[in-house]
Amino acid sequence: MTYLDHAATTPVLPEVLAAMTEQLGRVGNPSSLHASGRAARRVAEQSRERLAEALGARPSEVLFTGGGTESDNLAVKGLFWARRDADSRRRRIVVSPAEHHAVIDSVEWLAKHDGADITWLPVEPTGRITPDALRAALGDGSDVALVSVMWANNEIGTVSDLPALAAVAHEVGVPLHTDAVQAVGQVPVDFGASGVDALTMTGHKLGGPMGAGVLLLRRDAECVPLLHGGGQERDVRSGTLDVAAIVGLQVAATTAVRTRVPRAARLAALRDRLVAGVMAQVPDVQLNGPPLDDVVAGGPGRLPGNAHLSFAGAEGDALLMLLDARGVECSTGSACSAGVARPSHVLLAVGADTDRARSSLRFTLGSPSTDADVDAVLDVIAPVVERARRAGLGRR
Amino acid sequence: MRLLAAMSGGVDSAVAAALAVEAGHDVTGVHLALSPDRQVLRSGARGCCSVEDAHDARRVADELGIPFYVWDLAERFTEDVVDDFVAEYAAGRTPNPCLRCNEKIKFAAVLDRALALGFDAVVTGHHARLADGALRRSVDAAKDQSYVLAVLTADQLAGAVFPLGSMTKETVRALAAERGLAVATKADSHDICFIPDGDTRGFLARRLGAQPGPVVDAATGATVGEHSGAYGFTVGQRRGLGVAVGDSRPRYVLGIEPVSRTVTIGPAELAGVGEVRTAPPTWTGPVPELPLTARVQLRAHGTAVPCEVTAGDGGGLRLVLGTEQRGVAPGQSAVLYAPDAERGDLVLGQGTVLGTA
Ligand SMILES: Cc1ncc(COP(=O)(O)O)c(C=O)c1O
């Protein structure tokens, strides 16, 4: 099996599994006052401190959540409510149309049910949001509740310059949230130095468990909770801490950050060979997103493990099925609840037409990826695309 | 063989896929998303292609350990089946959307795509026997679906596999239960899948609007009432005519004239039909020589009656019925069978009913 869908999820690291298993064997609610509770709390708080250190945050800025989706919802809705409650003119949310659905749907929900106005930011053809575009959208900022722009895009791998965007938002006193689910461990992310007010991350894209995430929230940022209860996480998030998941997330994140530089270089080299190999064998292939060697703010402008390609005249669905049947696992992008592929909103946002959006595949490499995985794709891609193109022609 | 199993989320297609896997074929499941409204949810036993059905189909595929995908055919289904259905009613005819779906979607759009992608055939849960290119009635007469498959040509049948034709529905459910499939007890869908509430008249009224016209009694020539849309009637219909005539004898719809929107009704003795004219026929196998003695079934759940088949006008057929039939509606299919008690009645082909005498 050739697994090239690491942006969807990536295997749990052995050290994560060991740390979680050890913790799962113990009793103790970190909120309890007795010895078992204290032991659990110690593990959770150590994890908080180590995570904070790895990400350039203070421990008190680390809020544990149930994953990236929850963190995005909490940041977008919580910041919106808090800012609007403080000043009722602040109803505008300035947001990129290439965000993950956890952000887009939260924003649209607020617009539909809670009086929010949405300003969609213009996106560069690479998928990037520029500081100038943000500045123009903000105006004097007095009516803006928050900005949300992702650090790295999960489909086409575009990295934006978040420190510069946060600085622009702060020029007019507006807080900025960033979804850094795909960025942490792949590109340099320093929460404190970046100046962003809230940052989403999740465990299962880094070798940690699913259902465990973090919202990094600046100490001075007001955020209304989504989940009410015991107030465990700074009163912004309630629920008994899942200590095993927290340890797993922490070990995964600190490992990913520590090993980032050599891994990024290795994955970028593999990815470059994959893209070049496909293009050499198959005519009419387009790379979506920034160039492979793109640079932004002195760092990589594209996620090192991301290859996103359009195969004119073939349907992504058909390509995926044919590759799956040959043991190569990848993705077409977004799918709706009934599993019907819709053209990716990210590709449409960067100006691709529906045909190009529908004819694309995403390959994402991760820590376990090797040359053999790239070879496996290159062995089958030409006949697969040819067959899918023939099947595509029959459609009206 | 590499088989593509069309999985609706119901018990029949689930068992068909399971049997194909157990027969050693390389099977991939697909659920056809046909409804333009993705969020349609099941209400009672009705409707298909809802989110829930897609889920049920996926669950079965996962249990069988086969790949599963959803193919979006909503656009083609809307054009070829739903819009056709509405246009046929608007023209005073009575279409059969299941037949149209088999003809244009399952064994055309889906089969073509499957073949292009390297599959050998499409396997479905239809109740009909198919062996060596011969399409026959199911052993379960009550569940037999050969009527809605009769439109398929030899080429289309060559790409079809129907594993359920030689078993009863009861057996199908038992096989599903034996395999622990959750759909074993799922209710059958009876209605037209794109009209989940079963209210065809209401659906057509929404699509076509009010189109009032007269109801005329053929016995007297008198206008005996008004209707709000001739599309609400089917030739042969007896109930729900909404008119009062002088005598107490039942009345039947005899004809629908779309331009003047006239619905003609009459007593039983005028409703009988002894002769049927069809459009140019399709054949499931070699074109038979005419004249021909066969049996003809004139609607989905009707019984077949003996008939003499001769060539009609414009490449169509002329069917002289052995016994008079009521409710022969233009737009329905006249399906010809060669009786065969042992192996199952053989489907010869069909022609769309154009008119009667
Ligand atoms: C950019 C981005 N944001 C949010 C999420 C959601 O995270 P989670 O799966 O932890 O809910 C994902 C992953 O699916 C993602 O790629």
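A: Let's start with one facing pair: Val216(B) stands opposite Thr264(B) in strand β11(B). This is a predicted model, with local features needing pLDDT of at least 70 and side-chain atom pairs pLDDT 80 or more, while totals for chains, interfaces and linings use all residues. Residues count from 1 along each chain as written, chains are lettered from A and ligands numbered from 1 in written order, and side-chain values use heavy atoms, without hydrogens or water.

Strands here are DSSP E runs of at least two residues, and two of them pair when DSSP finds at least two bridges.

What lies alongside β11(B)? Strand β8(B), residues 213-217, runs parallel to β11(B) and is joined to it by three bridges; that is the pairing where Val216(B) faces Thr264(B). Strand β10(B), residues 251-257, runs antiparallel to β11(B), with six bridges between the two. In that pairing, Arg251(B) sits opposite Pro267(B) of β11(B). β10(B) and β11(B) also make a hairpin, with four residues between the strands. One residue in that turn, Arg261(B), has a positive phi of about 55°.

Chain B also has an open sheet of five strands, paired in parallel and ordered β3-β2-β1-β4-β7. Its edges are β3(B), at 68-72, and β7(B), at 160-161, each of which pairs on one side only. Further in, β1(B) (residues 2-6) and β4(B) (residues 121-123) run parallel and share three bridges. There, Leu3(B) is opposite Ala121(B) of β4(B).

Over in chain A, let's look at the ligand. An oxygen atom of the ligand is 2.8 Å from a polar backbone atom of Gly68(A), and a polar side-chain atom of Gln182(A) also lies 2.8 Å from a ligand oxygen. For His100(A), a side-chain N or O atom is 3.4 Å from an oxygen of the ligand. On its own the ligand has 390 Å² of accessible area, and the protein covers 85% of that. Helix α3(A), residues 68-86, gives three residues to the shell around the ligand, the largest share. By type, the shell splits into two nonpolar, eight polar and three charged residues.

Notes
A polar contact is a pair of N or O atoms within 3.5 Å; within protein, one must be able to donate a hydrogen and the other to accept it, and residues adjacent in sequence count only if both atoms are side-chain atoms. Accessible areas come from the Shrake-Rupley method with a 1.4 Å probe; for residues, only the protein chains shown count as cover. Ala, Val, Leu, Ile, Met, Phe, Trp, Tyr, Cys and Pro count as nonpolar, Asp, Glu, Lys and Arg as charged, and the others, Gly among them, as polar.
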